[in-house]
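Here is a short report on one protein model. Keep the sequence and the 3D view open while reading.

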Amino acid sequence: MYKGKVVLKNLTEEEMKDFLVEIGEKKFRGSQIFSWIYKGIRDFDEMNNIPKSLREKLSKYSIIGNIDIDLKLESKMDNTKKYLFLLNDGSIIESVAMEYDNRVTVCVSNQVGCRMGCRFCASTIDGLDRNLEAWEILDQIIKIQKDLGKRVSNIVMMGSGEPLDNFNNSLRFLKLVNEENGLNIGNRHITLSTCGLVDRIYELADLQIPINLAISLHSPFDDRRQEIMPVAKKYSINDIIKSCKYYIRKTNRRITFEYSLIKGTNDSEKESEELVKLLKGILCHVNLIPINPIEEREFEKPNTEYINKFKNYLDKYNIPVTIRNSMGSDISGACGQLRRKYK
Ligand code: SAH
């Protein structure tokens, strides 16, 4: 509900049909309106196969639900684009579109800001303002798809915010993007990244949604992890690993462990050795992310030699590992660089 009106972009096709019936119309109108929504229209008057009287009725009971592209930045290094969106309440969020191998991946934000407080991440510097509604997460993709003129094939829930801290809206979003006559993006093309909210990982596991789950681990040691991630004071690494094993049992899906490499903090041999011990035998994959610099903090990425050494050690012990090719750092569009205000 939005100022007493239904937000159409929050509805599945079935719900849209039910809504039309509720206001005394035929079901098929629901399907028509549903497909208009996904064309990225902003106004009822753009629905040219819907009679004017119905368009007027719609605007009485509902709104479409729109966020607007305020600014678009294009990387000169790669094909990455960063979008600043203006929300109805004046908030700003950022999303990133990345193109490679004929795939278009959009990194969506989940909250205005974030309250997790990870030391190396710009998104959390000003704390949390509010959760995004499911339709506000969804509309980032609809609007980017329209702007690019290309179908978005993959989604990473890795922008500003912690998706499991906005659990219900994240779940609703997953349902909406899956709609066959909507975006039709399957769960397997979606990755949700969390800093490790263990209780929610169990809940998610029980729902058995076959998305890719990524866990921001960043250290195999609790004390070090606590220094860089306040959330680690609440949940130990042991708790996280237990919940991950449960997740794997329930979903049969491989888990990704994200490991942002910070020079002198978590990049030594001691860490790679402990990481191997921790992850041995778990159906998983490690994604190393050389830390992206942010203005307010002094963290630096290790030298390439160190990064490769870390990777080679995991390789040697057969822990599947890749180095994330961070895109769009020249437009502050890389991991950890998104914000809730203009910079
Ligand atoms: N809230 C989610 C999504 C965060 S962004 C989470 O915590 O997982 C996705 C990944 O980028 C996370 O692993 C996050 O820890 C990492 N990250 C944050 N800031 C970074 C930075 N400056 N450089 C590299 N990775 C960073």
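## A bridge between two strands

Met98 has Thr105 of strand 6 as its bridge partner. This is a predicted model. Strand 5 covers residues 92-100 and strand 6 covers residues 103-107. The two strands run antiparallel, and 5 bridges join them.

## The annotated cysteines

An unreviewed UniProt entry carries a "binding site" annotation that covers Cys114, Cys118 and Cys121. Where does Cys114 lie? Cys114 is in the loop between strand 7 (111-113) and strand 8 (128-131). Cys121 lies in the loop between strand 7 and strand 8 as well.

Are Cys114 and Cys121 buried or exposed? Cys114 has a relative accessible area of 8%, so it counts as buried. Cys121 has a relative accessible area of 16% and is buried too. The cut-off for buried is under 20%.

## What the cysteines touch

The contacts below leave aside neighbours within four places in sequence. For Cys114, they include Ser123, Thr124, Gly127 and Leu128. Cys114 is also in contact with Gly161 and Glu162. For Cys121, the contacts are Ile294 and Gly336.

## Salt bridges: a link across the sequence

Side chains of opposite charge can pair when their charged atoms come close. How many salt bridges does the model have? The count comes to 25 salt bridges.

One of them joins Glu25 and Lys57, with the closest N and O atoms 2.8 Å apart. Glu25 lies in the loop between helix 1 (13-22) and helix 2 (27-38), while Lys57 is in helix 3 (residues 52-61), so the pair ties together parts that are 32 residues apart in sequence. Glu25 is partly exposed, with a relative accessible area of 24%. Lys57 is partly exposed as well, at 26%.

## Salt bridges within a helix

Asp139 and Lys143 meet through their side chains in a salt bridge (2.8 Å, N to O). Helix 4 (residues 134-148) holds both Asp139 and Lys143. They sit 4 residues apart, about one turn of the helix. Are Asp139 and Lys143 buried or exposed? Both are buried. Asp139 and Lys143 are also linked with Lys9 in a network of salt bridges.

Helix 6 (residues 198-207) has a pair of its own: Arg200 and Glu203. Their side chains meet in a salt bridge (2.8 Å, N to O). The spacing is 3 residues, about one turn of the helix. Arg200 has a relative accessible area of 30%, so it is partly exposed. Glu203 also counts as partly exposed, at 36% relative accessibility.

Key. Residues are numbered from 1 along each chain as its sequence is written. This is a predicted model: local features need pLDDT of at least 70, side-chain atom pairs count only at pLDDT 80 or more; totals for chains, interfaces and linings use all residues. Side-chain values use heavy atoms; hydrogens and water are left out. UniProt positions are given in the numbering used here, feature names are shortened, and annotations may be inferred rather than shown by experiment. Buried means under 20% relative accessible area, exposed over 50%, partly exposed in between (1.4 Å probe, protein chains only). Contact means heavy atoms within 4.5 Å. Two strands pair if DSSP finds at least two bridges between them. A salt bridge is a side-chain nitrogen of Lys or Arg within 4 Å of a carboxyl oxygen of Asp or Glu.
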